[in-house]
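Here is my notebook from a first walk through this structure. Have it open beside you and follow along.

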Amino acid sequence: MITTEKTIEKPINNNIPDSESNILEEKVEAYKKVAISQIRFSVVIKPAFISFVALIFSFFLDLANVPLLGNISSKMAKGLFPTWQSNTEALVPYSFWWIPVVIYVLFFALSLSAFIKLKKEVIRRPSTETIDKIISSYTTITDSIAMSLPLIGAAILLISIKLGEEVFLGLSVPFEVKALIILAIGKLFEPVLDQLGLEFQNVVDNVKNMKDRYYTQLQIRNSKSIVKQLSMQSGNRTSLPEISGRELEQYKLVLDQTSKLSEMILKNFNSVYEVLEKINGMQGLTADKIEHLKIMADSISNATSNLNDERTLTGLKYLESIVKK
């Protein structure tokens with residue numbers, strides 16, 4: 001009896017060895033550092049091209065003089081309408097050509113800040129949630145800036161109506177034109193942040209795949225070790241009946257069948273839940289709908305009848321007999 005108790009108390013080592021766990025962590029850390037170091041901020045050049053075109057286009061939508069282009073609005077008007085003559089006595093509006101440039105530089109500064117933060121946080125916590133949180137926060141800032149300027153311009157427009165034509169045409173209208181262009185640039189700039197998130201998400205996915213492959217291989221190896229230890233221990237125990245390798249294989253087969261049966265039960269319950277949701281959403285039950293429900297009920301009934309399958313019951317009884325041993 002003493003020998004039997006000692007044998008039973010002997011643990012089966014199915015945990016991850018510390019040395020293997022450390023090796024895995026070292027490999028993951030080494031991969032993260034190399035992969036993240038290879039990501040350059042230049043990856044945003046392609047997605048930023050469309051917003052840059054919008055920035056260039058903003059120079060051609062101006063009521064005042066623009067550097068190098070001059071009074072582009074008057075030139076375009078003369079090109080479209082050759083007989084048109086500009087009013088030399090009209091007031092000269094303020095020039096706001098520089099506002100889209102400043103905001104565009106600010107957007108790039110925000111994307112650079114997001115890039116630096118992603119490199120720092122992904123090394124510490126490589127997860128999709130971390131990337132989504134950072135990208136979402138910087139996207140919100142970008143959208144807020146792009147949306148706020150047109151609203152401010154609209155407020156100025158309303159005020160300038162009271163102040164007179166000079167303020168309205170000289171200040172409010174030129175500012176609102178540039179604010180609307182900034183809104184378009186801000187929306188076109190969003191792919192830049194999305195591209196940054198995609199680059200770092202690839203690193204996170206590769207890290208996850210590395211760990212999944214390792215733990216899958218480790219689980220297979222540990223399962224074989226457990227079966228081997230059970231076989232050795234069953235041969236050394238005097239008070240326990242012997243369990244042959246064939247019985248262990250049958251035991252594993254029964255466990256697999258039980259797992260599949262559990263999955264089937266879960267699918268059946270999910271089907272019932274979907275049916276109830278559809279029934280709740282129906283405004284009125286017609287004859288056709290009732291016929292469809294009858295077909296779905298028959299399908300669920302057939303799936304449920306598998307629970308009474310003779311092979312399944314036999315497997316469960318065999319599992320019970322092994323456990324009682």
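**Ground rules.** I call a residue buried under 20% relative accessible area, exposed over 50% and partly exposed in between, using a 1.4 Å probe and protein chains only. The model is predicted, so I noted that local features need pLDDT of at least 70 and side-chain atom pairs count only at pLDDT 80 or more, while totals for chains, interfaces and linings use all residues. Residues are numbered from 1 along each chain as its sequence is written, and side-chain values use heavy atoms, with hydrogens and water left out.

**Entry 1: Ser111.** I looked up Ser111 and found it in helix H5 (residues 98–124); helices here are DSSP runs of H or I, at least four residues, numbered from the N terminus. Is Ser111 buried or exposed? Ser111 is buried, because its relative accessible area is 0%. Contact means heavy atoms within 4.5 Å. Neighbours within four places in sequence aside, Ser111 is in contact with Phe41, Phe189, Val192, Leu193 and Leu196.

Entry 2: I then followed Phe200: beyond four places in sequence, Phe200 is in contact with Ile36, Ile39, Phe115, Leu118, Lys119, Val122 and Ile131.

**Entry 3: H6.** How far apart are the end C-alpha atoms of helix H6? They are 52 Å apart, which agrees with the 52 Å that its 36 residues (128–163) should span at 1.5 Å a residue. That expected span is 1.5 Å times one less than the number of residues. Just after H6, I found Gly164 with a positive phi of about 125°.

**Entry 4: Phe49.** I found Phe49 in helix H3. Phe49 counts as exposed because its relative accessibility is 54%.

**Entry 5: Leu61.** Leu61 lies in the loop between H3 and helix H4 (72–80). Its relative accessibility is 34%, so Leu61 counts as partly exposed. Leu61 and Trp97 are 36 residues apart in sequence, yet 8.9 Å apart in space, C-alpha to C-alpha. Leaving aside neighbours within four places in sequence, I listed Val177, Lys178 and Ile181 as contacts of Leu61.

Key:
Helices (H or I, at least four residues) and strands (E, at least two) are DSSP runs, numbered from the N terminus.
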